[in-house]
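Please describe the model shown below in a short report. Plain text and one table will do.

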Amino acid sequence: MAIKHWPEHDRPREKLLKLGAEALSDSELLALFIGSGCNGLDAVQSARRLLENHGPLRKLMDMDASRLRKLPALGPARACKLVAALELASRHLLADLERGDSICDPGSAGRYFKMRLRARPQEVFAALFMDTRNRTLAYEELFTGTIDAAAVYPREVVRRALLHNAAAVIVSHNHPSGRPEPSRADREITDQLQQALELVGVRLVDHIVVGDGPPVSMAERGWLRRGPFPPS
């Protein structure tokens, strides 16, 4: 039976309008982009099969347009719509931390870096430079490595902090494997960064590790000497 013949409360579009997007399943949300099914399946069935064969949802949405377009029920137009929708959502969430906004807690920092780094296939080390009131000045991805490591040079982090006239820095890197637990090497580079930045009067506020699930804040773990997120 075509979706248009379903009871109104079961149709994804009507359900979204009445109950909100959060009430829809992954397959129902995906079906709204697909629009119509293929090979005798309706849009929801096609979406469900996509998730069964190429999911879960995060894995599917981590694909670029060139890979998505080759999947059943998608093609170039629908693949582009999915990628564009994901980018719009990312920009919307990141807009909260445009230049001039403050970051005052590990949760805000973790959400920001997760949006930036979670989908990256290689390990990326990034920094967010801030002024004396924790207002953002600039975001930079400083080092890119392999699937499980990235070389970090404290001198370069210090140089970029001075260039931005930053008073504080939050650094972050991702674990493409998905497990966000900091390694011994992560803790060692955090100590080196803190020492190097202190020499030029710049605070290392936090080091966030991004993976699956909630990001890990080293400041919350008590691993930074000067304590997390002083009042703005």
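In which hand does α8 pass α9 in their crossing? The crossing of α8 past α9 is right-handed; a crossing has this hand if the near helix is turned clockwise from the far one by less than a right angle, and is left-handed if the turn is anticlockwise.

**Basis of the report**

This is a predicted model, in which local features need pLDDT of at least 70 and side-chain atom pairs count only at pLDDT 80 or more, while totals for chains, interfaces and linings use all residues. Residues are numbered from 1 along each chain as its sequence is written, and side-chain values use heavy atoms, with hydrogens and water left out.

**Overall layout**

The protein chain contains nine helices and five strands. Helices (H or I, at least four residues) and strands (E, at least two) are DSSP runs, numbered from the N terminus. In sequence order the pattern is α-α-α-α-α-α-α-β-β-α-β-α-β-β. The C-alpha trace spans about 70 × 35 × 30 Å along its principal axes. Of the 232 residues in the protein chain, 43% are buried. Buried means under 20% relative accessible area, exposed means over 50%, and partly exposed lies in between (1.4 Å probe, protein chains only).

**Packing of α8 and α9**

Two packed helices are described by the angle between their axes and the distance between the axes. Helix α8 covers residues 154-163 and helix α9 covers residues 184-198; they pack at an angle of about 40 degrees, and their axes are 9 Å apart. The axes are lines fitted to C-alpha atoms, for helices over the stretch in contact, with angles running from 0 to 180 degrees between N-to-C directions. α8 and α9 are therefore oblique to each other. In this scheme, angles under 35 degrees count as roughly parallel, over 145 as roughly antiparallel, 65 to 115 as roughly perpendicular, and the rest as oblique.

**Salt bridges**

Side chains of opposite charge can pair when their charged atoms come close. A salt bridge is counted here when a side-chain nitrogen of Lys or Arg is within 4 Å of a carboxyl oxygen of Asp or Glu. By this rule the count is nine. The table lists some of them, including a pair within α8.

| Glu 28 | Lys 15 | 3.2 Å |

Glu 28 forms a salt bridge with Lys 15. This pair links distant parts of the chain, with Glu 28 in helix α2 and Lys 15 in helix α1 (residues 12-19), 13 residues apart. Glu 28 has a relative accessible area of 11%, so it counts as buried.

Glu 156 is partly exposed, at 25% relative accessible area, and Arg 159 is partly exposed at 45%.

**A nonpolar patch**

Leu 29, Leu 32 and Phe 33 make a nonpolar surface patch of about 210 Å². Patches are made of residues with over 30% relative accessible area and no salt bridge; like charges are joined within 9 Å, and nonpolar side chains (Val, Leu, Ile, Met, Phe, Trp, Tyr) within 5 Å. Accessible areas come from the Shrake-Rupley method with a 1.4 Å probe, and for residues only the protein chains shown count as cover. Phe 33 belongs to helix α2 (residues 26-34). Its relative accessibility is 35%, so Phe 33 counts as partly exposed.

**Positive phi angles**

Which loop holds Ala 73? Ala 73 sits in the loop between α5 (65-68) and α6 (75-94). Its phi is near 80 degrees, a positive value in a residue other than glycine. Ala 73 is buried, at 11% relative accessibility.

Asn 134 has a positive phi of about 65 degrees and is not a glycine either. Asn 134 lies in the loop between β1 (124-130) and β2 (136-144), and is buried with a relative accessible area of 1%.

His 173 is in strand β3 (residues 168-174) and is buried at 2% relative accessibility. His 173 and Glu 123 are 50 residues apart along the chain, and their C-alpha atoms are separated by 6.7 Å. Ser 66, in helix α5, is partly exposed at 41%. Ser 66 and Arg 187 are 121 residues apart along the chain, with 38 Å between their C-alpha atoms.
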